[in-house]
Amino acid sequence: MKKKLVSDVDLRDKRVLLRVDFNVPLSNGIVADDTRIRAALPTIDYLVNQEAALIIISHLGRPKGMVKPEFSLEPVVKHLSTLTDVPVKFVSSTVGDEAEAQVKALKKGEILVLENLRFDPREKQNDREFAAVMASYADVYVNDAFGVSHRAHASVAALPELMGEDAVAGFLLEKEINYASKVLDNPARPFTAILGGKKVSDKIKVIEALLDQVDNLVIGGGMANTFLKASGYQVGISFVEEDKLSLAAALMEKAQKKDVGLYLPVDVVTAKAFSENAEPHYYSIDAIPANEMILDIGPATCEYFATVLKGSKLVVWNGPMGVFEMKPFSDGTRTLAAYLSVCDADIVVGGGDSAAAVTQFGYAQEMSHISTGGGAFLELMEGKELPGLTVLADGVEK
Ligand code: ADP
Ligand code: MG
């Protein structure tokens with residue numbers, strides 16, 4: 001999976017097109033969370049220091065192929081200006097006369113941000129002509145947008161394909177690729193995967209792929225309900241995927257055959273309603289009342305899971321252990337994050353909600369890596385090829 005890097009290219013007097021993921025939340029026209037912008041700064045700063053003329057492209061939200069001012073990248077440009085010493089210019093189009101004129105006028109060491117790629121329907125259609133116009137802007141293409149690298153969109157797939165050997169990976173992408181290969185290629189052992197989140201159906205392929213790799217599989221969150229029921233426990237009115245019960249049973253059998261340690265909750269936090277205001281109750285899994293639903297793993301389960309983590313050298317975590325957005329049902333996820341934060345193993349966290357939970361509970365700094373891609377991370381874990389990565393030039397072994 002080794003890719004040619006931005007640092008492998010001579011950038012002097014080059015025009016560089018940088019694809020980033022500036023898909024940030026906005027609130028009243030102001031950037032509400034700049035994590036994604038900051039994540040791209042190492043590559044941006046590097047390119048500016050190398051005196052490249054830097055053209056930045058990104059999408060923002062889902063404008064559905066139409067120009068919608070509320071999805072303009074202008075607020076992001078204003079914010080980026082505060083994070084870098086160089087003036088950041090903005091043009092309110094991606095292709096066309098004005099964009100081309102501004103691109104031509106751009107000098108080395110300067111930054112120009114083009115308008116939201118998804119204002120043009122051809123972006124999502126992976127349109128070659130749209131990509132060709134952008135390809136004409138630059139000598140080098142850099143992908144630093146891991147979060148969209150699983151999408152075959154024009155700026156991610158067709159464009160780098162046109163750039164050939166001049167399509168390289170940025171530093172953020174490099175980090176994502178390095179951690180993915182730590183997990184996929186030659187994992188340190190014991191290797192433990194922790195999976196949670198609401199549904200088994202969202203993660204079937206991930207579970208199957210990880211079962212071939214890991215020594216231990218820890219299952220929490222709503223998806224554990226289906227495994228518990230398939231194991232013969234009564235789970236009351238918990239969310240269960242009835243059509244996945246036999247699959248869950250088959251996965252447990254597969255784990256046993258492969259000698260993978262499978263860990264399910266031994267106690268749970270339940271409530272009578274799916275509500276922040278519902279009163280939390282604590283039960284062992286063999287005593288769940290018929291009128292209650294499981295909303296979190298219990299304290300004994302946290303201890304039990306911690307013993308597995310203690311012996312591990314590598315841990316991959318995807319999916320919260322409970323409804324962490326509701327205070328009474330957030331302890332399982334918070335406690336697990338706390339255990340991981342003091343664990344000696346390499347800890348790789350992926351998934352939009354999991355990353356949000358770790359950050360919200362204040363443990364982000366303690367993790368080895370928090371992936372910036374939700375869907376892209378899961379597809380990598382499934383062993384899929386990502387169109388945006390496959391297309392980049394191959395790296396040179398050093
Ligand atoms: P990620 O985005 O990290 O991949 P998911 O999207 O798969 O994670 O799952 C996150 C969601 O799962 C959260 O919204 C959380 O509230 C929900 N969830 C976790 N446990 C339960 C449960 N026991 N019942 C219902 N929802 C749950
Ligand atoms: Mg999610």
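**Ligand 1.** I started with glycine 352: a backbone N or O atom of this residue lies 3.3 Å from an oxygen atom of ligand 1. I call that a polar contact, meaning a pair of N or O atoms within 3.5 Å; inside the protein, one must be able to donate a hydrogen and the other to accept it, and residues adjacent in sequence count only if both atoms are side-chain atoms. The protein covers 87% of the 580 Å² of accessible area that ligand 1 has on its own. That area comes from the Shrake-Rupley method with a 1.4 Å probe, and for residues only the protein chains shown count as cover.

A note on what I'm reading: this is a predicted model, where local features need pLDDT of at least 70 and side-chain atom pairs count only at pLDDT 80 or more, while totals for chains, interfaces and linings use all residues. Residues are numbered from 1 along each chain as its sequence is written, chains are lettered from A and ligands numbered from 1 in the order written, and side-chain values use heavy atoms, with hydrogens and water left out.

Next I checked the nitrogen side of ligand 1. A nitrogen atom of the ligand is 3.1 Å from a polar backbone atom of glycine 222, and a backbone N or O atom of isoleucine 294 lies 3.3 Å from a nitrogen atom of ligand 1.

How many residues surround ligand 1? I get 17, with Lys203, Asn318, Glu325, Asp353 and Ser354 the closest; a residue is near if one of its heavy atoms lies within 4 Å. The shell splits into four nonpolar, nine polar and four charged residues. Here Ala, Val, Leu, Ile, Met, Phe, Trp, Tyr, Cys and Pro are nonpolar, Asp, Glu, Lys and Arg are charged, and the others, Gly among them, are polar. Strand S14 (293-297) and helix H13 (352-360) each supply at least two shell residues, and H13 has the largest share, three residues. Helices (H or I, at least four residues) and strands (E, at least two) are DSSP runs, numbered from the N terminus.

**Pockets.** Ligand 1 takes up the space of the second largest pocket. The largest pocket has a volume of about 1,100 Å³ and is lined by 37 residues, with Thr35, Arg36, Ser371, Thr372 and Gly373 nearest its centre. H13 turns up here too, giving the largest share of this lining, four residues. I count by class eleven nonpolar, 18 polar and eight charged residues in that lining.

**Cavities.** I found two cavities of 30 Å³ or more. About 70 Å³ of space lies in the largest cavity, and its lining includes Arg36, Asp144, Phe146 and Thr372. The second largest cavity has a volume of about 30 Å³; Phe146, Glu176 and His369 are among its lining residues. H7 and H14 each supply at least two residues of that lining.

Most residues other than glycine have a negative phi, and most peptide bonds are trans. Aspartate 13 has a positive phi of about 60 degrees although it is not a glycine; I located aspartate 13 in the segment before strand S1 (15-19). A cis peptide bond joins arginine 189 and proline 190, with omega about 0 degrees. Proline 190 is in the loop between H7 and strand S9 (191-195).

**Terms for pockets and cavities.** On a 1 Å grid over the protein atoms alone, a cavity is a set of points where a 1.4 Å probe fits but cannot get out, and a pocket is an open set with protein on both sides within 12 Å along at least five of seven lines; lining residues have an atom within 4 Å of a point. A molecule sits in one if more than half of its atoms lie within 2 Å of its grid points. Points are joined across faces, edges and corners, and a volume is the space filled by probe spheres set on the points.
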